[in-house]
Amino acid sequence: MATIAEPERAAPQQPTYHEITRDVVATLGRPSRGYFVLLAVVLVVLAFGGFALLWQIRWGLGVAGYTPPVLWGVYITTFVFWVGIAHSGTLISAILYLFRSAWRTSVYRTAEAMTVFAVLTAGLFPLIHVGRIWYAYWLFPYPNQRQLWVNFKSPLLWDVFAVSTYLTVSTLFLIVGLVPDVAAVREKTTGWRRKLYEITSLGWRGTDQQWRHYIRAYLYLAALATPLVLSVHSVVSWDFAMSIVPGWHATIFAPYFVAGAIYSGVAMVVTLLVPLRKVFKVERYITVDHFENLAKLLLLTGMIVGYAYAVEYFMAWYSGNPFEQDAFYNRAFGEYWWASWTMIICNGFLPFLLFFRKVRRSIPALFVLSLFVNLGMWFERFVIIVVSLSHEYEPYAMGHYTPSWVEWGILAGSFAWFFMWFLLFAKHFPTVSITEVKEIIPMPRKASLRS
Amino acid sequence: MANGSDGELNGSGMNRRRFLTVLGAAGGGAAALSGCSGEATDKLIPYLVPPDNQIPGIATWYASTCRECPAGCGVHARVREGRVVKVEGNPESPVNQGRLCARGQASLQGLYNPDRVRGPMVKNAGGAFEPISWDDAIARITERLEGVTGDLIRFVTGNEAGTFDRLVTEWLAALGSPAPVVYEPFGYEALRFAGQQVFGTDRLPRYDFGAARYVLSFGADFLETWLSPVEQARGFSESHGFRDGSMGRYVHVEPRMSMTGMSADEWIAPRPGSEALLALAMAHVIVNERLVPRQSDTFRVQQLLDAHAPADVADRTGVPVETIERLAREFVAEPSLAVAGGVGAQHEQAHVTAAAVNVLNYIAGNVGRTVSYGADLNPAGSSSYADLGSLVRAMRNGGVGVLFIHGANPAHAAPAGTDFAGAMAQVGFSVSFARFWDETAVHADLVLPDHDPLEQWNDFEPRAGVYALQQPVMRPVFDTRQTGDVLLTVAQQVGGRLGARLTAATYKDYLQQAWGRLQRRLRDFRPFETFWTEALQHGGVWRDAPVRTVRLARSVAELQEPATWSAPQDGFTLIAYPSPALYDGRGANRPWLQELPDPVTKMTWSTWVEVHPETAAEQGIHEGDILEVTTPVGTVEAPAYLYPGLRRDVLAMPLGQGHTAFGRYAEGRGANVYAVLSTDVTEFGGVSHYAAASLRHTGRHEYVAKTEGKSRQMGRGIAQAVTLAALQHGEHGEPHGGHAAPVPEHIEELLDEVQEAQDADTKHGDYAGDVPRWALAVDLSKCTGCSACVTACHSENNIPTVGPELVRRGREMAWIRIERYFEGGEHGEPLEARHLPMMCQQCGRAPCEPVCPVYAAYQTPDGLNGQIYNRCVGTRYCSNNCPYKVRVFNWFDHQEENDPAFAFPDPLHWLLNPDVTVRAKGVMEKCTFCVQRIRGKQNEAMLAGRELQDGEILTACQQTCPSDALVFGDLNDPTSRVHQVSRDERSYHVLGDLNTQPGVTYLRKVRNVGVEEA
Amino acid sequence: MTKRALLLAVPLGMVAAAVLLLLTRPGSAQGTGQASAAQMDGFKAPVDVDTAGLPGPVQPLFYRHDVHAGEYEMDCRYCHFAAEVSPSAGLPTMSTCMGCHILAGAANPEVQKLRDYWNERRPIEWVEVHRLAPFVRFPHHRHVNSDAEIECQDCHGPIEEMPQVYQYASLKMGWCITCHEKEEASTDCTVCHY
Amino acid sequence: MSAGHPGGILAAYQHVDAAARAIHALKAKGYRDFTVYTPVPNAEIAQAVGHKVSPVRLWTLLGGLLGCAAGFALTLWMSYDWPLVVGGKPVGSVIPYVVIAFELTILFGAGATILGLVFHSWRTRQLGAYDGRFTDDQIGIFVPCPVERRPSVEELLRHSGAVEVRVEM
């Protein structure tokens, strides 16, 4: 981490507090036509996704492409994908905060927002994928006339708790971080917006007492979020690791998934930041150095992921377990070879480009790379879930699965859902943390009074 | 008795849906599984008059007879609130002894078929059918009959050995008309011809597979359709199933390995059509080596045999000399039996094969031992295809004025060239008594639907001495009328000689008169009522027919050199074989049978062409490629299926599909292979099911609707087998992959401690105390793969059929499947096929249970994997985690009428078992060892205040298994049969190394090979 | 009974109904209390009541359990004979009704209705009152004959005081379980769900 | 500036050290109840004001412990309330329940922290004059004091280098 947390080289001339406030508040100005067009597109896609979901609820899960023995497909894949995306947000906002790494300040807000919306999206999929969505609430241990409880031994229950905890905590974290900023914005705006911020700033004035409690609370939230983020994806990975499916049942899964999660998440942060800094003209705060740091994170996690892939195959070979061996042979050379190789190339090989400083510091390159990583990580989950299931113990009951339009529609819808929230957020709340960016810049001193 | 079921609701004029709600309400409901109970909205309709011995909520059983094929098995029909919900074999019937095949199980779907003719229909001027009243309909017949002379009146029936046959014959005789043409597509003409030729009788003897320790089948599919499959399967499993160290041996001789052939210990694929030579050569060896005492009249065939030394026939049959000699020696070593004349082996020379086999049996001294004349089988009662041919000719040149057709569908189940339908156009007036809109019925002028066998009074004589009764077990579903009654009414109206001859008011009276005569013939002097009631209760009366000894007839000398079948140069021999599920096609309108995976290919809902993999490789053919098979008489198209169980120069296609009518389930599926069979009548008067064929790849392709993923077990030891030799040397297992590494002692102990500690914490509430552990044992050495259990399970557990599209996507709903794995068959090793019934293994450490978030899957105190449908949310995690893949998910709503996957069109939903919840959309379901039966019996026992007896509870699959391969019971009861069987030396658990501790134990298949001859 | 008498009966019925409602409303303490009191000195069913005003669905034919089971103290199982031997309690067949009413109660217009049904061979379409969810199995015989000595009333309520039957217990799972636990009967899921 | 707060002197500072001096000076003069506004948390100011560490962390601790306990209690009690065996595992399997307990620890801990934050901020809320600049780039000090003492305070603040000093009625 030390390498990553290296303090930011001083930018040419540091912005003053006033400039920071001004520039960030400027991002909340009247949206351009482009913004509305984008929002419209997003809403249309979302509507299509919604239609696909209603269609599925009306006729049953059969409209999805499920082909036994593959009973989990695109939905669970996408669920894991989004949960993973969420993780880097918490990493940057919480873990790096504990590590006191200065560079995080200008990017963490975006990352944290991404976390919340990603979890918000991920949370939908367990509902979407169940056969009787109208009974999904049975997964919660609420007192009922049946006097029946839930099965806490099921990894799915762990999921319920982990994901809902994650959503709650990261939302709190985001809100807490926002309060002082909103207060700052409040003073620069007028009309209904001012009203909005007056309410949402919860009467923040930055008094000595407020700061006193605030910094503590913030610290402990970060301290709680850190183990949480590690636990959440471990739990998600246990959905698979706890089962006996060859290709799922592996002890390496928890760290492997956490690394993968952060990997994909950082990629998504890059994907979001590149256009954002252009549109919002905050290049001054989100500099190439930030991207280089993100790139280093990518490189590190990417290599962990690549290593995990290698280890998986090694274990299959070393275990001597015929089912494992067959499962992994099938991954590489079976019907789904294309998916496996997409994942291996995108996640296993491409990150090595980041060893070159040129690449690390070239924003376009990073942007393209991040897209590939996102793709690769989606396929990683697809391969783990679908390919393993398609080739289990019973040769008689092996099958092949191809997703249907409903699944693709809902997948697209999920992206729309995510971006809808992000777009709305970006125009109403500061996507660059005013307070924290100021924090790393020492306050002006009056040297004359030294004497 | 029977009035019981038709007593209630008489004249109440309720429509069927209402009727069902009664049943639903009264019976506690097979209603769909819906979220809430809600307000009371349903109507309850009481019986007007209490039907005798019927208690609402309690099933009544009626004995009757299955009429799905001429085997005539006895059935028990389970009636709940006036509707039949299940048929099972009648244990008292000497034919099937309580077992039933898939077709028998599916007879319910004939009764409740939505495409039945729902009332009398007449063809109007426009050629369309319109309803007509029974009186008018009958009036029309009478006037037509009066319009023609007797000789112009012809009658075609199916095989109706019994009183109905007699009625028709009398009826025709009274009209001065020729005797009826009894058309059975599977008429076994060759067998009868050969019998005539060799023994001077065209009767079909009874073949006693139970007594034969060595069975040699020359293409007779005696476990599928041949003669009386259920009875034979039972006998076969008795002699061939492994028991205390020994078992029979079975060699199958046919160019194609049929399902029956798959049970063989050795498969010999001779040149198509050369079986006769092989049989004669064997006889030659037996006689010349004096392996058995010589029969006095062997001289009649001496000359023939001399001409067939093994050396002479070796290359013509493609079977090496030593093999022939070995077979000959094996054949006489033990009580043996050779059979021939299967429809799938019925080529032009089939009669010679059959004759040669007769000779072989005779020489070996089997006649009178395993081949017994006297208790002759009824199919002998059929006419031949030749008779049908002459009738058609008569029809063509105006020789037929009025034509009656009952129980036969020659427009489909006869070589297309026969063109029975076309000929019907030349007939002045044709009346069909069909129950369904089949290809023949749609060409008739008048369609007077007969009752379903389960709705009618009738009897049937499957074989001499067995008089099986049929009684109406429920009131007719539709406005149908029993043909017997129609004929009698007509007789009254026509009057004259006819009226005088047939005075019985109803067919029931006529039947009872007949049984009165029978009673006298049987020297039974009790009052008729007693006799009759008893017969009804037992399903008929059974007597042993006197055994008739036969000797070689003179005519055997005429038995001449069989002209070996020769396929055209670089062409193929096409074998059209009977479908084990659809029979000659009469089963095609039963969704259960359509969706029943073919035991050999695992294909459903279609026709296919079986091609040898190597042939396919040469021709660049892959599975699913649409092939065009052309014979001298026509062409059919069907997708390819690569089947290693064929000679390379042979193609095979199943009969039964390609219907152009016959209802929604049959119409337009697959191809009718009869279209490419020649109409030339063979010497023995039958149809040749062989044809010279050429193959063309159309370049089109489809995903075949098969239920199988991989056909090889990848060394995973799923379906295990062991040779008899190995067993005798004390080796019980076969080496297979996936053995757990040995665990160190102290670790072992530690694990045990942990295990005990864990078990201790499971003994709460209902789990405490001594509880049963329901378990099943499956003897693979008995399972023939016939799949009767699959259909029985569908019937018992309200399992919907899903249709070909969903089958292609692996979404069939069957709770039990027969896995068929191939071994060998490559680089020279002999091909071996293994069947393994796979149902929920009811694991003791079930992987499916802990992953369910809502306890829908859990361990019941009595050791089942409970599956609570109404609790299931549908995460499908359980199925992912099930190594056996025996859980099925409801992808669609199969009960919703406007759903594409709707599986129960009115009145098909009448067959829903009220004791089993009908599962809703989005719910996981699976086998629970027929838990409803377990609870039912437990309740009974509790009421009677007694303990459950071992063997009292029968699961549906076990109950119907013709070869008795399944044993169910309480594993915790050391005295139970399942407990003992499960400890057999051959027992193993599928994927046992996963420590799932299944409740299903398999006993390795035993192959009688490599044993030095005694 | 003449038309005028019937007319007179209507207001009477209103009053009677009101009283009866008080007596038989489920859960009302004094209601059940008085009811049991009434039991002691031979329960008298009110002469005539207003069906519409009563709890429970209105039936095509106003069969009165309070008269048959209450006043005449007929055993439930005289009509619902199946309850002891079968999972379903069953409906009495119409011939059972006619067994008595071929003679009895000729004057009563409802009995007249019954006879019309009978003569037209038309079944009466009773409205179902007690309805379990279709995925639940409730074997009557097992309960009626169990050692717990369960009375019909335990689940069906004071039938013998209901002119018109209404659903007394919730018949929901929690209700079943409570009793099963009290009586230490099995609470295994597959006892009722399969 | 609206009323609703005690009258006093409001000073704005450009420079952190100036503000700190002022605070020290005020404290020297015995003023305690003044309010310091800063756009960002600042160690120098905090030190000058000299608060003790916020008690919020206690809330976190208690919340966490409560959550952990709740997690185990919930799972175990529910398991035994209706014992159903799955996969031959103990009815109350502690190990898998650790996951639930852990998640609840975090959840309750975070929740409690927020409650603590709100609670303490409310209890120590300071009513005083305020100016929008204090969330932007200036430090504000508000000293509530009666009219007669204002001149001295005003003088003090001005001298310590305030860019602006304002009397708030």
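**Exercise 1.** With which residue does B:Asp915 form a salt bridge, and how far apart are the closest N and O atoms?

*Solution.* The model is predicted, so local features need pLDDT of at least 70 and side-chain atom pairs count only at pLDDT 80 or more, whereas totals for chains, interfaces and linings use all residues. Residues are numbered from 1 along each chain as its sequence is written, chains are lettered from A and ligands numbered from 1 in the order in which they are written, and side-chain values use heavy atoms, with hydrogens and water left out.

Step 1. Apply the criterion: a salt bridge is a side-chain nitrogen of Lys or Arg within 4 Å of a carboxyl oxygen of Asp or Glu. The partner of B:Asp915 is B:Arg80, with the closest N and O atoms 2.8 Å apart.

Step 2. Locate the pair. B:Asp915 lies in the loop between β33 (888-889) and β34 (924-925) of chain B, and B:Arg80 in strand β3 (residues 74-80), so that the bridge links distant parts of the chain, 835 residues apart. Helices (H or I, at least four residues) and strands (E, at least two) are DSSP runs, numbered from the N terminus.

Step 3. Classify the burial. Buried means under 20% relative accessible area, exposed over 50%, and partly exposed in between (1.4 Å probe, protein chains only). B:Arg80 is therefore buried, at 2%, and B:Asp915 is partly exposed, at 21%.

**Exercise 2.** Is A:Leu273 buried or exposed, and which residues beyond its sequence neighbours does A:Leu273 contact?

*Solution.* Step 1. A:Leu273 is placed in helix α9 (residues 253-279) of chain A.

Step 1. A:Leu273 is buried, since its relative accessible area is 0%.

Step 2. Contact means heavy atoms within 4.5 Å. Leaving aside neighbours within four places in sequence, A:Leu273 touches A:Val107, A:Thr110, A:Ile286, A:Phe291 and A:Leu294.

Step 3. From A:Leu273 to A:Thr431, the C-alpha to C-alpha distance is 9.8 Å, across 158 residues of sequence.

**Exercise 3.** Describe the composition of chain C.

*Solution.* Step 1. Chain C has 9 helices and 1 strand; from the N terminus on, the order is α-α-α-α-α-α-β-α-α-α.

Step 1. Of its 194 residues, 41% count as buried.

Step 2. Among contacts in chain C between residues at least 6 apart in sequence, 62% join residues at least 24 apart.
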